[in-house]
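Open your viewer and get the selection tool ready. We will walk from stop to stop.

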Amino acid sequence: MTPQLVDQWPPAGVRILCGDLKLRFLTDDLLVPLAALASEGVHAPDFMPFTQPWTRGTPDEVRRSVLQYQWGLRGSWSREKWSLELGVLRDGEVLGIQGVYAKDFAVTREAETGSWLGLRHQGQGVGTLMRLAVLHLFFDGLGGEHATTSAFEDNGPSNGVTRRLGYRTNGETTVAREGTAARSLRYVLHRADWDTRPAELRPGVTLEGVPALRAFLGLDE
């Protein structure tokens, strides 16, 4: 039998089904439309939601930035420090990415989430659903205890999703954003709050590929 990618690289087998969304590993066939989506716009021109302004530049520059970043994530994986970014799809169309990022996760059981959506897919409830999907993977699939996230103070949509999902405030930092100081708000969602979330935050979720991912990360040793 010819070896498959997932046999050598278990993250490639991760799937999350949540409502009408499917989240899956970003193989190269998804990176091309993802990069094209980013080049069409992720935010208004007069706003920057990211610490690194990767969305600035010509469409070609943005597309290449997405490709290089994603290829770099694959090469930097280790059990001690990993980044899992999943493509968010609806009816086969790529809408953006939802990621989870961890350092010493087997010890701390803590990880950060981050995401972006193409501008034309925003304001449709996708951001809330895809965050719930990855939190289900984090807490119920990987045995996480503390999920963190952050957003600039003026990023209303991102802060709104975070507060809606029951995160607690967890301090703030001042960081440089395109040459000026900007206030970044930090949040944490503890397992106890996740486990007691209300019914409206409990969509049906199906996880695939988690046992192999857990073994890959050394979580069952």
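Which residues are buried in helix 6 (residues 156-164)? Select Asn159, Val161 and Thr162: these are buried in helix 6. Keep in mind as you look that this is a predicted model.

**Stop 1**

Look down the axis of helix 6.

Next, find what covers the buried residues of helix 6. The cover includes helix 5 (126-141). It also includes strand 6 (146-152) and strand 8 (180-190).

**Stop 2: the ends of helix 6**

Go to the start of helix 6 and select Asn155 and Ser158. A side-chain oxygen of Asn155 comes to within 3.3 Å of the backbone nitrogen of Ser158. Then move to the residue Gly166, which follows helix 6. The phi of Gly166 is positive, near 95 degrees.

**Stop 3**

Select strand 6. Is strand 6 mostly covered or mostly open? It is mostly covered, with five of its seven residues buried.

Strand 5 and strand 6 pair in the parallel sense, over three bridges. For a landmark, pick Ala111, which stands opposite Ala147 in strand 6. Now show helix 5 as well. Strand 5, helix 5 and strand 6 form a β-α-β unit, and this unit is right-handed.

How many bridges join strand 6 to strand 8? There are seven, and these two strands run antiparallel.

While strands are on screen, follow the side chains along one of them. In a regular strand the side chains alternate between the two faces of the sheet.

**Stop 3: Glu61**

Finish in helix 3 (residues 59-75), where Glu61 has its place. Is Glu61 buried, partly exposed or exposed? Partly exposed is the answer, because its relative accessible area is 43%, and that class lies between under 20% for buried and over 50% for exposed.

Show the side chain of Glu61. It reaches the backbone nitrogen of Thr58 at 2.8 Å. Last, select Ser39. Glu61 and Ser39 are 22 residues apart along the chain, and their C-alpha atoms are separated by 8.2 Å.

Methods
Residues are numbered from 1 along each chain as its sequence is written. This is a predicted model: local features need pLDDT of at least 70, side-chain atom pairs count only at pLDDT 80 or more; totals for chains, interfaces and linings use all residues. Side-chain values use heavy atoms; hydrogens and water are left out. Buried means under 20% relative accessible area, exposed over 50%, partly exposed in between (1.4 Å probe, protein chains only). Helices (H or I, at least four residues) and strands (E, at least two) are DSSP runs, numbered from the N terminus. Contact means heavy atoms within 4.5 Å. A polar contact is a pair of N or O atoms within 3.5 Å; within protein, one must be able to donate a hydrogen and the other to accept it, and residues adjacent in sequence count only if both atoms are side-chain atoms. Two strands pair if DSSP finds at least two bridges between them. A crossover is right-handed if, with the strands pointing away from the viewer, the path from the first strand over the helix to the second runs clockwise.
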